[in-house]
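Visitor: Hi, I've got a model open and a few things to ask about it. Could you walk me through what stands out?

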Amino acid sequence: MNYTIQTGPNQEEGIRSSSDWNESFQSDKNYIIIRCREDSNGELLGQIVIDLQFRCAWLLYLAVKPEKINQSIETELMSKAESTITNRGYKNIFLNAEQEMLSYYEN
């Protein structure tokens, strides 16, 4: 798999197609977007978006194609996000999650 890291607003396709989500990335805020693509055909398999503001790193979005869930992509994306923000001097990633999703993120 091929992982790419982009900073700045989202200028590329995403897995989630909600128009309000796409519009939220048309600003000049400081984002880290990490994408996982299939090596053979470049297909987008998953992505994670971290918002860097107020000296904090916020997990905004983690998505994986439904047929690729539980194939370690989520774990690899989180690991790459953690190392990327650590290298930039951040110590924590914050997120808001529904109660039923807490165990997912804890894992």
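Visitor: Which element gives the largest share of the lining of the largest pocket?

Guide: That's α2, with five residues. Bear in mind that this is a predicted model, where local features need pLDDT of at least 70, side-chain atom pairs count only at pLDDT 80 or more, and totals for chains, interfaces and linings use all residues. Residues are numbered from 1 along each chain as its sequence is written, and side-chain values use heavy atoms, with hydrogens and water left out.

Visitor: OK, and what counts as a pocket or as lining here?

Guide: On a 1 Å grid over the protein atoms alone, a pocket is an open set of points where a 1.4 Å probe fits, with protein on both sides within 12 Å along at least five of seven lines; lining residues have an atom within 4 Å of a point.

Visitor: Which residues line the largest pocket?

Guide: The lining is Leu62, Asn70, Ser72, Glu74, Thr75, Met78, Ser79, Glu82, Tyr104, Tyr105 and Asn107. Both α2 (73–87) and α3 (102–106) supply at least two residues of it. Helices are DSSP runs of H or I with at least four residues, strands are E runs of at least two, and both are numbered from the N terminus.

Visitor: How does that lining split by class?

Guide: Four nonpolar, five polar and two charged residues. Nonpolar covers Ala, Val, Leu, Ile, Met, Phe, Trp, Tyr, Cys and Pro, charged covers Asp, Glu, Lys and Arg, and the others, Gly among them, are polar.

Visitor: What's the volume of the largest pocket?

Guide: About 250 Å³, taken as the space filled by probe spheres set on the grid points, which are joined across faces, edges and corners.

Visitor: New topic. How many aromatic pairs are there?

Guide: One. The rings of Trp58 and Phe94 have their centres 5.3 Å apart and their planes at 40°, so the pair is tilted. The pair links distant parts of the chain, with Trp58 in strand β4 and Phe94 in strand β5 (residues 93–94), 36 residues apart. For the rule itself, rings of Phe, Tyr and Trp (its six-membered ring) pair if their centres lie within 6.5 Å; planes under 30 degrees apart count as stacked, over 60 as edge-to-face and the rest as tilted.

Visitor: What else does Trp58 touch?

Guide: Leaving out residues up to four places away in sequence, Trp58 touches Val49, Ile50, Asp51, Gln53, Ile93, Phe94 and Leu95, where contact means heavy atoms within 4.5 Å. Trp58 is partly exposed at 29% relative accessible area, and Phe94 is partly exposed at 33%.

Visitor: And Thr84, buried or exposed?

Guide: Buried, at 11% relative accessibility. Thr84 is in helix α2 and touches Ile5, Ile32 and Ile34, again not counting residues up to four places away in sequence. Thr84 and Ile32 are 52 residues apart in sequence, yet 8.5 Å apart in space, C-alpha to C-alpha.

Visitor: Last one: what's the overall pattern along the sequence?

Guide: It reads β-α-β-β-β-α-β-α, with three helices and five strands. Buried residues make up 34% of the 107 residues. Among contacts between residues at least 6 apart in sequence, 54% join residues at least 24 apart.

Notes: Buried < 20%, exposed > 50% of the residue type's maximum accessible area, 1.4 Å probe, protein only.
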